[in-house]
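Reader: I am new to this model and would like to learn how to read it. Could we take the features one by one?

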Amino acid sequence: MYKSLSSGCDARLLRCAIARVRLVHVAFARLASIASRTLLFVIFANALTTSAQTPGRPATPVEIKAWDIDVRADFKGLPPGSGSVAKGQEVWEAKCENCHGAFGESNEVFTPIIGYTTQQDMKTGRVAKLTGDTVPQRTTMMKLSQLSTLWDYINRAMPWNAPKTLTTDEVYAVTAYVLNLGGIVPNEFVLSDKNIREVQAMLPNRDGKTREHGMWNVSDKPDVQGSTCRNNCDAKVDITSRLPDYARNAHGNLASQMRLVGGVRGADTTQAAPVTFTTPRPIANSQASTPAIAISAKPDPAKLAAQHACTACHGVANKLLGPSLKDIHAKYRDAKDSVALLAGKIKAGGSGVWGAIAMPAQGHVPDADIRAIAEWIANGDFK
Amino acid sequence: MKSSKFSIGRLQKAPEFFLSREALDLHGDDRRSFLRKAFLAASGVAGAAASGSLLAQTDSVGDPAILNLPAHSTGLGAPVAAKGYGTPSKFEENLQRRESPGLTRVGAASVSFAPLQGFFGIITPSGLHFERHHQGFWDIDPTQHRFMINGLVKNPKVYTMDDLMRLPSMSRMHFIECGANTGMEWGNVAVPTVQYTHGMLSCCEYTGVPLKWLLDDCGIDLKKAKYILAEGADGSGMTRTINLKNALDDVMVAYGMNGEMLRPENGYPLRLVVPGVQGVSWIKYLRRIEVGDMPYDSKDENLHYTDLMPDGKHRQYTSIQEVKSVITTPSGGQVLLDKGFYNVTGIAWSGRGKIRRVEVSADGGKNWKDARLETPVLDKCLTRFNMDWTWNGSDAILQSRATDSTGHVQPTMTQLRAKRGTRSIYHNNAIQSWLVGANGEVSNVQVA
């Protein structure tokens, strides 16, 4: 073989030799593959017997219990307990009413929970008002098809500013109260893990969901397919919708939301649209209104208040979960050393001054920021 | 050869030795005032430019921007590390994440839209990634973060960030789109610019551990397992069900985004990446995955992210973000500078695969031509497209229509409504129409 290769220089022989070498390679590769598979098996077996081989450690039963809080549609995961409508009303008035309204009807902070379901819906399991355009917006009770969903969500995420602080029985009670507001259970009802399935069978929209569609799996068939027409398609093109003139500036001046250079500028929406083509005027750059250098600029307390989520609960002029900043200003502006007083209150949190909802301590916010926010509120310079 | 004494290896004097005494003083003793002067000088130039015409001014002699040397040509710039973490030019400040007024009442349960009108290519700058928070965002200490896998697994485990960052890692570029993106436009035109119509969309390179690796590591029971539940560590405890098929395919437990750690707004230190699936399933502050055998009906699977159909039923678990595209320039709220040549540019994406084709129409959908797709064209990722166009000064309606690798073609608003009505809120992937008016202004319109 080697002889013929070196002496002959015959192309046919060379091909033959290459083929043979390839065969040998294949054989070696097979051997190697078997060997590596055996090796992998050994490693894998090792990993199973000594779990310290891969990073991570076993979760303890207590840890799993602490975090595995989900309650599934078949109520798997629901802890035993109970709560009455009356108890639920107590909790509601203390912790829920501010956002959701006394009857779960409020549209002030979040969309309403209660409304537009009927006794007839409870019989059919379908909410009639979900067809047609008869309601301004859908309420939670119109959409809810699984009671587990309501229980799980209250348990994991409510109250909004202090989630996971209700006891199990309080979660049952608040769920019972919401069901009562929705006209599903009577005033004297006590909801428990024993009877929750019976209430599930009464939900107005319990049969209102479908999973028949093409958007769960990549392999599903889409329900709406576009056109592939490329020339002279749909001869008529009518504009069926556009923003009304009065909404021209509803999103602020668009001129200050576009780049300063390029083939286009932002439209100056503080002015009416030009009738004919005019070269766009210079941009009202939002930069012009802010200090040229951030290094020496004083922090903007309004931005700080947003950054530290103060404004999640305190509107400037409107009451949300907590009192408005203007109300706080009015109450404390004449207090002795009002800035220090307010800073102390922000840092320590408190309750009972403005209502039952406690304000959590804000110790994680830097002192300088607290001070700036306190000054801002004390001065009442909200613009 | 004389030049040899200046050859490679000879030490040159460092530039600071050539600074004037005054400049050195500025550097050494009062860097801030030096910077301030530099910035003030720069903004003075900006002011002068803004007070003149937008377009370059030339008289018979020439453009003052050429003839009068600006401060940056005749002075000293800022030193290195003046900003330990760099930020965009102040002249780019117009491009910000913004809320849509009136959409929500409280900022901690709201959305901010990414300024798509200003982006190039396909990668979203981390600081302009859209935001969706259900109960506010947090900056979580990564040393205290824990990730648990439990349920139908042989060995429930807890991983620290240290553990996860030692494991086999992968990096992939994917789009993330909120299921409600373009949701305000189901009934009629509601918002003015592409930032608000399509800005709940971003695209990043993510780095993390394949979820499959972790599930295998815990000994997933593949005979019983059908779904997983992903859960966040924040107050909302966001929970979403994900198909096991997806979970074992390309889902990733990610800590990296665009070459650095995730931003707090986007789930620092750990989030789920579920390519092609709506953003709500990309659980932020990921603390737990449970393996189970039925969907979980969490709040955001039963009360929200369900698509209302004309028959009054809500579609549940509509997850895939279907084929979609939009022209980002020229787009709503912009004004063309002049008649003539324009590069029409935009982005296309599909949760089912790659983008195969994007067509552009300038006459409201009567006639279409193929746009140029820029590389890379990746699976479940934004694809940038471009097209030459000449504006002749009269009304034009610009549209783009994408086709993905499965052959799914982006529908019109009319086609979507015929099947799904007008009250769905979610999964509006209709062709977007921008009217270029004879006055040069571009506005959001719907056509039929």
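Reader: How many residues of chain B are in contact with chain A?

Author: In this predicted model, 134 residues of chain B are in contact with 117 residues of chain A.

Reader: What is the area buried between chain B and chain A?

Author: The size of an interface is often given as the accessible area lost when the parts come together. Between chain B and chain A the buried area is about 11,000 Å². Carbon and sulfur atoms give 55% of that area.

Reader: How many salt bridges are there between chain B and chain A?

Author: The count is 11 salt bridges between the two chains. One pair to look up is A:Asp68 with B:Arg288, which form a salt bridge with their closest N and O atoms 3.2 Å apart.

Reader: Now the helices. At what angle do helix H14 and helix H15 of chain A pack?

Author: Helix H14 (residues 338-348) and helix H15 (residues 367-379) of chain A pack at an angle of about 125°, and their axes are 8 Å apart. Angles from 65 to 115 degrees count as roughly perpendicular and those over 145 as roughly antiparallel, so H14(A) is oblique to H15(A). The crossing of H14(A) past H15(A) is right-handed.

Reader: Which residues make the contact of H14(A) with H15(A)?

Author: On H14(A), the contact is made by A:Ser338, A:Val339, A:Leu342, A:Ala343, A:Ile346 and A:Lys347. On H15(A), the residues include A:Asp367, A:Ile370, A:Arg371, A:Ile373 and A:Glu375. Sorted by class, the contact has 9 nonpolar, 1 polar and 4 charged residues.

Reader: How do I read the packing of helix H13 of chain A with H15(A)?

Author: Take the axes again. Those of H13 (residues 325-332) of chain A and H15(A) come within 7 Å and cross at roughly 75°. The two helices are therefore roughly perpendicular to each other. A:Leu325, A:Ile328 and A:His329 in H13(A) meet A:Trp376, A:Ile377, A:Ala378 and A:Asn379 in H15(A). This contact divides into 5 nonpolar, 2 polar and no charged residues.

Reader: Next, the backbone of chain B. Where is a cis peptide bond found?

Author: One joins B:Tyr268 and B:Pro269, with omega about 5°. B:Pro269 is placed in the loop between strand E10 (260-261) and strand E11 (271-273) of chain B. A cis peptide bond also joins B:Thr375 and B:Pro376, where omega is about 0°. For B:Pro376, the place is the loop between strand E20 (372-373) and strand E21 (383-391) of chain B.

Reader: What is phi of B:Ala81?

Author: Phi of B:Ala81 is near 60°, a positive value in a residue other than glycine. B:Ala81 lies in the loop between helix H4 (71-74) and strand E1 (110-112) of chain B.

Reader: Last, where is B:Leu222 found, and which residues does it touch?

Author: B:Leu222 is in the loop between helix H7 (211-217) and strand E7 (227-232) of chain B. Leaving aside residues up to four places away in sequence, B:Leu222 touches B:Leu244 and B:Leu248. Separation in sequence and separation in space can be read side by side here: B:Leu222 and B:Val291 are 69 residues apart in sequence and 9.8 Å apart in space, C-alpha to C-alpha.

Methods:
Residues are numbered from 1 along each chain as its sequence is written. Chains are lettered from A and ligands numbered from 1 in the order in which they are written. This is a predicted model: local features need pLDDT of at least 70, side-chain atom pairs count only at pLDDT 80 or more; totals for chains, interfaces and linings use all residues. Side-chain values use heavy atoms; hydrogens and water are left out. Axes are lines fitted to C-alpha atoms, for helices over the stretch in contact, and angles run from 0 to 180 degrees between N-to-C directions. Helices (H or I, at least four residues) and strands (E, at least two) are DSSP runs, numbered from the N terminus. Angles under 35 degrees count as roughly parallel, over 145 as roughly antiparallel, 65 to 115 as roughly perpendicular and the rest as oblique. A crossing is left-handed if the near helix is turned anticlockwise from the far one by less than a right angle, and right-handed if clockwise. Contact means heavy atoms within 4.5 Å. Ala, Val, Leu, Ile, Met, Phe, Trp, Tyr, Cys and Pro count as nonpolar, Asp, Glu, Lys and Arg as charged, and the others, Gly among them, as polar. Buried area is the accessible area (1.4 Å probe) that two parts lose on being put together, summed over both. A salt bridge is a side-chain nitrogen of Lys or Arg within 4 Å of a carboxyl oxygen of Asp or Glu.
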